[in-house]
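Let's talk charged side chains and who pairs with whom. Have a look at the model first, then we'll go through it in questions and answers.

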Amino acid sequence: MYSDPRELNYSKIKTYHECPLLYKYKYINGRREGLVPASSLGVSIHRTLEQYHRHSNDPSELLSYYDDCWMSSGYASAGEQMEWYLKGKKMMEDYAQQEYQRKTTVDSTEREFMFEVDGWKFRGKIDRIDKHPDGSWEVIDYKTGTDADLSLPVTDSLQLGIYAVGARRAWNMQTGKVTYYFTAFNQTQSAPFEAFDEQKILDIFIEVGKKVEAEEFPPNPAHCAECAFRNRCEHSSCPEEDSGSTDAFDSFGATLGDLLKSLK
């Protein structure tokens, strides 16, 4: 598998910051991370909300979509699967209650943006885009993890930052906000597009792209305990440990501040 180093997205940048060698495993060698309960539930919920918003305006139908979109992979037993199914069901019940009160119009789901800057391609796929009655836009990313730190300012999020840039550059959405929707907590956190420094965000992405082009893939032992390849990597500092897994959909990764400090 070959991934063009000049095609940049948030997942690539997040992975490289966690461990450059992990980037090589995933995007150069094509190794796959196996599903675990948290990531499997994340897939189920994302599929559910995509299908619901594309085909229905009736919140009472949401749980039917959840059952149809449920993914059974990634669980060690039927009991574990049921435990996580019930967690997701509660999230969808809460989500449905919020749907009865929603004043926005869902414009699109799973919409992909792409724009170019100086030979670099920036891509991203956004879970949901709403239009408000005043004509402004809201770019929404679902977070399904139960361990999210809601005290972190969303303006530190590189993911929401590149989404704000993408909405403006690719779709000319000049007025709006970006939002994390924490389904496990039934809460949202938002920031206006203009709260993000566009040039700094682009610089962070391009800096990683240049390192990938230079084939700089040193291992980062500090990330081994959370790595899906910790038992298969010769550089792992804990190959025999069975540490808790992280949800690929819901890890915030590094903040903008952390990444700006790493720029040379």
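Buried means under 20% relative accessible area, exposed means over 50%, and partly exposed is in between (1.4 Å probe, protein chains only). This is a predicted model, where local features need pLDDT of at least 70, side-chain atom pairs count only at pLDDT 80 or more, and totals for chains, interfaces and linings use all residues. Residues are numbered from 1 along each chain as its sequence is written, and side-chain values use heavy atoms, with hydrogens and water left out.

Q: How many salt bridges does the structure hold?
A: Here a salt bridge is a side-chain nitrogen of Lys or Arg within 4 Å of a carboxyl oxygen of Asp or Glu. Going by that, the total for the structure comes to 15.

Q: Is Arg111 buried, partly exposed or exposed?
A: Arg111 pairs up with Asp107 in a salt bridge, their closest N and O atoms sitting 3.5 Å apart. Asp107 has 40% relative accessibility, so that one is partly exposed. Arg111 has a relative accessible area of 27%, which makes this residue partly exposed.

Q: Which residues are linked with Glu7 in a network of salt bridges?
A: Side chains of opposite charge can pair when their charged atoms come close. In this network, the partners linked with Glu7 are Glu112 and Arg123.
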